[in-house]
Amino acid sequence: MAELTGDENGLAAVKISEETEESLEIPPELQKAVKQLQQYFEGKRQHFDLKLQPKGTDFQQKVWKELLKIPFGNTTSYLELSRKLGDVKAIRAVAAANGKNPLWIIVPCHRVIGSDGSLTGYAGGLHRKKWLLDFENPPAQQSLF
């Protein structure tokens, strides 16, 4: 279950919880985000068109903006992300900022993996990261013949 927070200035956070209790009353400023997340999980949306207002440092904001450039179904490494931000030595800071991303799924921090292709760190747990990556890039159907 997802919990969204935000206001008329934009979506501030998406949190995932194990609880299944659902609120029937969705504030008007969050209705678009709820609809787009539903479309994503139905396989009908690959990009989000939402006003975002995540809270973080200037550096975190810079990292999160770069995450938005990772296309659906693709991944990048923490090292490559550091290169794109102009400082390969900032890899740990980039990883830390990635881990502080308050807009899971919408700002696709799950698309960042280790340089060796391994699934590393995800605030929502590696099982969710794997699920999201598999969901966005399902294995090709194998032929029986």
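Reader: What should I know before we start?
Author: The model is predicted, so local features need pLDDT of at least 70, side-chain atom pairs count only at pLDDT 80 or more, and totals for chains, interfaces and linings use all residues. Residues are numbered from 1 along each chain as its sequence is written, and side-chain values use heavy atoms, with hydrogens and water left out.

Reader: Why is the pair D49 and K32 called a salt bridge?
Author: A salt bridge is a side-chain nitrogen of Lys or Arg within 4 Å of a carboxyl oxygen of Asp or Glu. The closest N and O atoms of D49 and K32 are 3.8 Å apart. That value is within the cut-off, so the pair counts.

Reader: What parts of the chain does this pair link?
Author: Distant ones. D49 lies in the loop between helix 1 (28–41) and helix 2 (58–67). K32 lies in helix 1, and the two are 17 residues apart. Helices here are DSSP runs of H or I with at least four residues, strands are runs of E with at least two, and both are numbered from the N terminus.

Reader: Is D49 buried or exposed?
Author: Exposed, because its relative accessibility is 51%. The rule calls a residue buried under 20% relative accessible area, exposed over 50%, and partly exposed in between (1.4 Å probe, protein chains only). K32 has 46%, so K32 counts as partly exposed.

Reader: How many salt bridges does the rule give?
Author: The count comes to 6. One of them joins K44 and E42, with the closest N and O atoms 3.5 Å apart. K44 counts as exposed because its relative accessibility is 65%.

Reader: What makes R83 and E80 a salt bridge?
Author: Their side chains meet at 3.4 Å, N to O. That falls within the limit, so the term applies. Both residues lie in helix 3 (residues 78–84). They are 3 residues apart, about one turn of the helix. R83 is partly exposed because its relative accessibility is 47%. E80 is partly exposed too, with 28%.

Reader: How do you know where the domains are?
Author: The domain assignment gives domain 1 (2–42) and domain 2 (58–136). Such bounds come from an automatic or database domain assignment. The C-alpha centres of domain 1 and domain 2 lie 21 Å apart. The contact takes 9 residues from domain 1 and 12 residues from domain 2. Contact means heavy atoms within 4.5 Å.

Reader: What area is buried between domain 1 and domain 2?
Author: About 1000 Å², of which carbon and sulfur atoms give 68%. Buried area is the accessible area (1.4 Å probe) that two parts lose on being put together, summed over both. V14, I16 and Y40 supply 55% of the area that domain 1 buries against domain 2, more than any other three residues.

Reader: What polar links cross this interface?
Author: The rule finds 2 residue pairs in polar contact across the interface of domain 1 and domain 2. A polar contact is a pair of N or O atoms within 3.5 Å; within protein, one must be able to donate a hydrogen and the other to accept it, and residues adjacent in sequence count only if both atoms are side-chain atoms. Across the interface of domain 1 and domain 2 there are 0 salt bridges.

Reader: Which elements supply the side of domain 1 that touches domain 2?
Author: Strand 2 (10–16) and helix 1 each give two or more residues. Strand 2 gives the largest share, 5 residues.

Reader: Why is R111 called buried?
Author: Its relative accessible area is 5%, which is under the 20% limit, so R111 is buried. R111 sits in the loop between helix 4 (91–99) and strand 4 (112–113). Leaving aside neighbours within four places in sequence, the contacts of R111 include Q46, F72 and L133.

Reader: What makes R111 and E136 a polar contact?
Author: A distance of 2.7 Å joins their side chains. That is within the cut-off, so the pair qualifies.

Reader: Where does D7 lie, and what does its side chain reach?
Author: D7 is in strand 1 (residues 2–7). The side chain of D7 reaches the backbone nitrogen of N9 at 2.7 Å. D7 counts as partly exposed because its relative accessibility is 29%. Not counting residues up to four places away in sequence, D7 touches E29 and Q53.
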